[in-house]
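Dear colleague,

Please find below the structure that I am handing over to you, with its sequence. My notes on what was found in it follow directly after.

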Amino acid sequence: MSGLIEGLPDAVALRCLAWVPFYLHPKLELVSHSWRAAVHSLELFKAREDLGSSEDLLCVCTFDPENLWQLYDPLRDLWITLPVLPSKIRHLAHFGAVSTAGKLFVLGGGSDAVDPLTGDQDGSFATNEVWSYDPVLHQWTQRASMLVPRAMFACCVLNGKIIVAGGFTSCRKSISQSEIYDPEKDVWIPMPDLHRSHNSACSGIVLGGKVHVLHKGLSALQVWDHMGRRWIVKDYGWLQGPMAVVQGALYVMSHGLIFKQEKEARKVVVSASEFRRRIGFGMIGLGDEIYIIGGVIGPDRWNWDIKPMPDVDILTVGSERPTWRQGAPMSRCRGTILGCTSLRI
């Protein structure tokens, strides 16, 4: 990275480049070999962190096209396309997606697609493979495999480490095993089993600094007790439906409304009746906003067509009067959301 900007020490020039938004990095690479090296350096991203110019982006993967991820830049309302995930599994689904240590992680899952000619399942329903996308190097890398193949499982980041729990393993057998991943050491370590296993998909959220595992169709949830090194069963009477955590508060979409859910109480925030006809969308919090992304419309008794959606609807909940607006639609992806998480780079 010698001679980045004539007349400036490289350390100063690097701090200048650190103010350039991530979406313009491909253009920086075209300036010179030294600028290309800078864009792909850890030093640049460390400088972005030191200067406070890091950006929070959304990472989204849909059913169509297969194994493709896009990043959404909320400040500039635009989409960035990543290289295709190089998994050998066609239409990878039912996986976990989180980010930590400045990387996007895609864990487990599999394919329930069926070969129309032979009737055989394409790939396997549950795998233990783990992939990470490095925005510094602009590439996917296979990481240490999970100890147990799993799909439709809870997946969260707590204190920089990834916790996975429950779900289904090979032959669609429900499991209670949980494990934790250290991204720096690239190592998986077993954790105590969930208190209960259920024959249903589960998901995970971090609330109040604790991992909560929720099972579809059940009001009871399981909370990781770090001090006691065990899972504890709780029943807060939370509503069922898509969830998002915004500034430490839990929001749930249910019965055409969005609620702010406290442990034992809830209040209506805003109507979401327009989403009643949309299924398979993603719902995630970023900053003081809730993003509702993609999904499909139909079929219904009047129209049997299925319409994949690239739409992005944004609800600002940080103000006294929550307001809706539309973001730029996904440029390459559309339809059912398979994975959605935030990434700070």
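On helix α4, the face turned away from the buried side carries the exposed residues L42 and E49. Please note that the model is a predicted one. The helix spans residues 42–51, and its buried residues are L44, F45, A47 and R48. Viewed down the axis of α4, these buried residues fall within an arc of 155°, so they line one face of the helix. Among the elements that cover them are α1 (10–17), α2 (25–28) and α3 (33–39). Just after α4, G52 adopts a positive phi of about 75°.

Several backbone features deserve a separate remark. Most residues other than glycine have a negative phi, and most peptide bonds are trans.

- The peptide bond from D64 to P65 is cis, with omega near 0°. P65 belongs to the loop between β1 (56–64) and β2 (69–73).
- D186, although not a glycine, has a positive phi of about 55°. This residue sits in the loop between β12 (178–182) and β13 (187–191), and its relative accessibility of 30% makes D186 partly exposed.
- H255 is not a glycine either, and its phi is positive at about 55°. The loop that holds H255 runs between β19 (249–254) and β20 (257–261). With a relative accessibility of 62%, H255 counts as exposed.

R150 lies in the loop between β7 (139–143) and β8 (154–158). Is R150 buried or exposed? Its relative accessible area is 0%, and R150 is therefore buried, the cut-off for that class being under 20%. Two partners of its side chain can be named. The side chain of R150 reaches the backbone oxygen of Q177 at 2.9 Å, and it also makes a polar contact with the side chain of E179, at 2.9 Å.

The relative accessible area of H212 is 4%, and the residue is buried. A polar atom of the H212 side chain lies 3.0 Å from the backbone oxygen of K210. Not counting residues up to four places away in sequence, H212 touches S203, G204, I205, L207, L221, Q222, V223, Y236 and W238.

The structure holds 1 cavity of 30 Å³ or more, and the space in the largest cavity comes to about 40 Å³.

The last two residues, A244 and I284, are in contact with each other.

A244 lies in strand β18 (residues 243–246). At 4% relative accessibility, A244 counts as buried. Leaving aside neighbours within four places in sequence, A244 is in contact with A249, L250, Y251, M283, I284, G285 and I290. For I290, the separation from A244 is 46 residues in sequence and 6.9 Å in space, C-alpha to C-alpha.

I284 is found in strand β23 (residues 282–286). Its relative accessibility is 12%, and I284 thus counts as buried, since the limit is under 20%. What does I284 touch, residues up to four places away in sequence not being counted? The contacts of I284 are L58, A244, E289, I290, Y291, C340, T341 and S342. Of these, L58 stands 226 residues from I284 along the chain, while the C-alpha atoms of the two are separated by 8.8 Å. I290 is a contact of I284 and also a contact of A244.

With kind regards

Note on methods:
Residues numbered from 1 in each chain as written. Predicted model: local features only at pLDDT ≥ 70, side-chain atom pairs only at ≥ 80, totals over all residues. Heavy atoms only, no water. 1 Å grid on protein atoms, 1.4 Å probe; cavity = no way out; pocket = protein on both sides within 12 Å on 5 of 7 lines; lining within 4 Å. Points joined across faces, edges and corners; volume = space filled by probe spheres on them. Buried < 20%, exposed > 50% of the residue type's maximum accessible area, 1.4 Å probe, protein only. Helix = DSSP H or I, 4+ residues; strand = E, 2+ residues; numbered from the N terminus. Arc of directions from axis to C-beta. Contact = heavy atoms within 4.5 Å. Polar contact = N/O pair within 3.5 Å; in protein donor to acceptor, adjacent residues only side chain to side chain.
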